[in-house]
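The chain is shown below.

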Amino acid sequence: MTPEATTSPTRSSPTGTPPPAIRAPDCTAERIAALERRRARALFGGGPRRRGEFGARERIGLLLDEDSFTETGQFVRARATGDGADRPYGDGVVTGHGTIDGRPVCVFAQDPTVFGGSMGEAFGEKTVALMDLALKTGCPVIGLNDGGGARIQEGVASLALYAELVRRNVRASGVIPQISVVLGPCAGGAAYSPAITDFTVMVDGASHMFVTGPDVIETVTGERASAEELGGARTSNSVNGNAHFLAADEKEALDTVRDLLSYLPANNMERPPRYTPGDAPAGAALDEVVPDRLGQAYDMRDVLRAVVDDGELLEVQELFAPNIVCALALVEGGPVGVVANQPLHAAGVLDIDASEKAARFVRFCDAFGLPLLTFADVPGYLSGVRQEQAGIIRRGAKLLYAYAEATVPKVTVVVRKAYGGGYAVMGSKHLGADVNLAWPTARIAVMGAEGAVGVLHRRDLAAAADPGALRARLVAAYENTHGTPYLAAERGYVDAVIAPRDTRAHVCRALRALRGKRAPAPERRHGNIPL
């Protein structure tokens with residue numbers, strides 16, 4: 001039989017010399033030698049790379065434990081298109097499995113040197129097969145994206161495989177962790193798969209993710225924008241929230257993936273990993289962290305670092321909706337998801353972006369068994385024409401839905417303000433929180449004292465000879481009753497009012513007590529979150 005490779009043209013090597021051509025073997029030794037030649041061609045890749053970037057296999061090598069990678073589909077070849085184009089082995093994507101810190105993962109890496117990293121039929125089938133393997137074995141899947149979208153010359157077959165990939169993403173959602181790393185372009189239909197995965201990491205100055213590129217947008221709408229402005233790593237991390245982590249370079253991006261996976265179980269049936277408990281931060285400083293003046297800001301991360309092991313937080317979407325903090329951390333060696341209002345930004349108010357950011361994070365933690373630790377200092381939902389017209393009711397309800405739906409252990413600490421709907425949504429008892437604590441600085445009420453007095457005593461103030469003095473007395477009276485955590489504690493809505501310095505000890509005890517929590521849910525296909 002005539003070997004396939006004898007009819008395939010050789011491609012120029014990035015370094016000079018292509019691998020030797022494959023000839024027909026005559027004996028076992030020659031067959032083994034032919035295998036090695038074929039393998040060399042499969043490992044050869046395509047044309048030259050962009051300056052400073054790693055190849056697909058080099059990226060996998062940097063991500064996985066040394067010598068742990070087993071490649072799948074190495075000899076799969078691109079489909080014939082009838083135009084005489086080369087049919088390289090691998091078809092522009094490297095797939096396989098290995099380990100990260102000794103734990104199994106599946107990984108695929110698009111190779112931009114082969115057909116620009118575009119998805120053809122064989123490319124798509126390899127990726128889909130890897131997703132199926134990850135689901136069968138219950139291990140995380142990591143996609144290293146650097147490609148040009150659908151392969152035009154393969155037509156509808158390429159589009160079909162994008163849909164097949166998205167279907168696998170949806171099947172895997174909440175079952176195995178899915179992480180996307182964008183290391184170059186990721187445009188058109190290719191952008192929707194990372195959007196469905198749990199986390200997306202992008203590289204500053206190198207990654208771009210958008211549905212329609214700048215040239216097409218200018219042609220259709222007349223709007224001008226650079227690729228960086230449209231969907232660069234910073235835009236995706238800070239403006240539209242499409243990405244969760246911003247890395248300075250490829251190595252940092254891959255290190256971020258390793259760090260992220262260290263907090264996560266392999267799948268939804270396993271418990272999160274546990275580690276030797278880290279050092280307990282000194283909590284005495286917490287007694288002084290909240291300013292005496294209500295309107296004065298402070299950094300909520302100072303509170304969080306004084307509660308979690310070693311003071312370490314892995315913030316998710318740090319640059320997007322900074323008025324709320326979402327982070328992964330350890331408490332007594334066990335991973336937790338932390339959600340906290342950030343008074344440094346817009347007083348920690350809940351707007352559309354903050355609500356959607358936190359809701360997605362809460363649902364992720366619930367899917368993979370990570371206890372939720374909430375710190376509240378919230379003046380409520382943001383009011384205003386723009387927010388109302390943009391759908392703050394529907395989109396703000398996502399966070400209410402997420403907390404109410406979550407069945408993992410939920411511990412809440414009210415640090416300062418907890419007003420109106422903000423009190424209800426930020427892990428209140430009424431949404432199913434298990435243990436609720438409050439600092440003596442907590443103010444749990446429908447609204448702040450100034451606003452409440454203005455509403456309740458409007459006529460008295462208008463008729464008073466000295467409205468300023470009357471207002472001051474009424475505000476003080478309101479603060480002494482409604483501006484404290486004790487009315488809520490009297491009703492059992494708060495389990496304990498604690499000294500700030502004792503927060504870590506109370507949180508640790510609560511999480512220990514809740515370790516065996518069971519919360520059976522009613523039988524249903526799924527809920528209908530207000531998307």
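Is the crossing of H11 and H13 left-handed or right-handed? The crossing of H11 and H13 is left-handed. The model discussed here is a predicted one.

**Two helix pairs**

Helix H11 covers residues 352-367 and helix H13 covers residues 392-405; they pack with axes 8 Å apart at an angle of about 25°. Angles under 35 degrees count as roughly parallel, and H11 and H13 are therefore roughly parallel to each other. On the H11 side the contact involves Ile352, Ser355, Glu356, Ala358, Ala359, Val362, Arg363 and Asp366. Their partners in H13 are Ile392, Arg395, Gly396, Lys398, Leu399, Tyr401, Ala402, Tyr403 and Glu405. By class, this contact of H11 with H13 has nine nonpolar, two polar and six charged residues.

The second pair is helix H2 (residues 56-63) with helix H9 (residues 250-261), whose axes come within 9 Å and cross at roughly 45°. That angle makes H2 oblique to H9. H2 passes H9 in a right-handed crossing. H2 contributes Arg59, Leu62 and Leu63 to the contact, while H9 contributes Glu250, Lys251, Leu254, Val257 and Arg258. The residues of the contact of H2 with H9 divide into four nonpolar, no polar and four charged.

| Helix pair | Axis separation | Crossing angle |
|---|---|---|
| H11 and H13 | 8 Å apart | about 25° |
| H2 and H9 | within 9 Å | roughly 45° |

Helix H3 runs over residues 121-137. At 1.5 Å a residue, its 17 residues should span 24 Å, and the end C-alpha atoms are 24 Å apart, which agrees. Buried residues in H3 are Ala122, Phe123, Gly124, Lys126, Thr127, Val128, Leu130, Met131, Ala134 and Leu135. An α-helix has 3.6 residues a turn, so residues three or four places apart point the same way. What covers the buried residues of H3 includes strands S1 (70-72), S2, S3 (103-110), S4 (141-145) and S5 (178-182), together with helix H4 (156-172). Just after H3, Gly138 takes a positive phi of about 70°.

**Thr95 in strand S2**

Which strand holds Thr95? Thr95 is found in S2, which comprises residues 93-100. Buried means under 20% relative accessible area; Thr95 has 1% and is therefore buried. Leaving aside neighbours within four places in sequence, Thr95 is in contact with Phe69, Thr70, Glu71, Thr72, Val107, Phe108, Lys126, Thr127 and Leu130. Among these contacts, Lys126, Thr127 and Leu130 are also listed as buried residues of H3.

Methods: Residues numbered from 1 in each chain as written. Predicted model: local features only at pLDDT ≥ 70, side-chain atom pairs only at ≥ 80, totals over all residues. Heavy atoms only, no water. Helix = DSSP H or I, 4+ residues; strand = E, 2+ residues; numbered from the N terminus. Buried < 20%, exposed > 50% of the residue type's maximum accessible area, 1.4 Å probe, protein only. Contact = heavy atoms within 4.5 Å. Axes fitted to C-alpha atoms, helices over the stretch in contact; angles between N-to-C directions. Parallel < 35°, antiparallel > 145°, perpendicular 65-115°, else oblique. Left-handed = near helix turned anticlockwise from the far one by under 90°. Nonpolar A, V, L, I, M, F, W, Y, C, P; charged D, E, K, R; others polar. Expected span 1.5 Å × (residues − 1).
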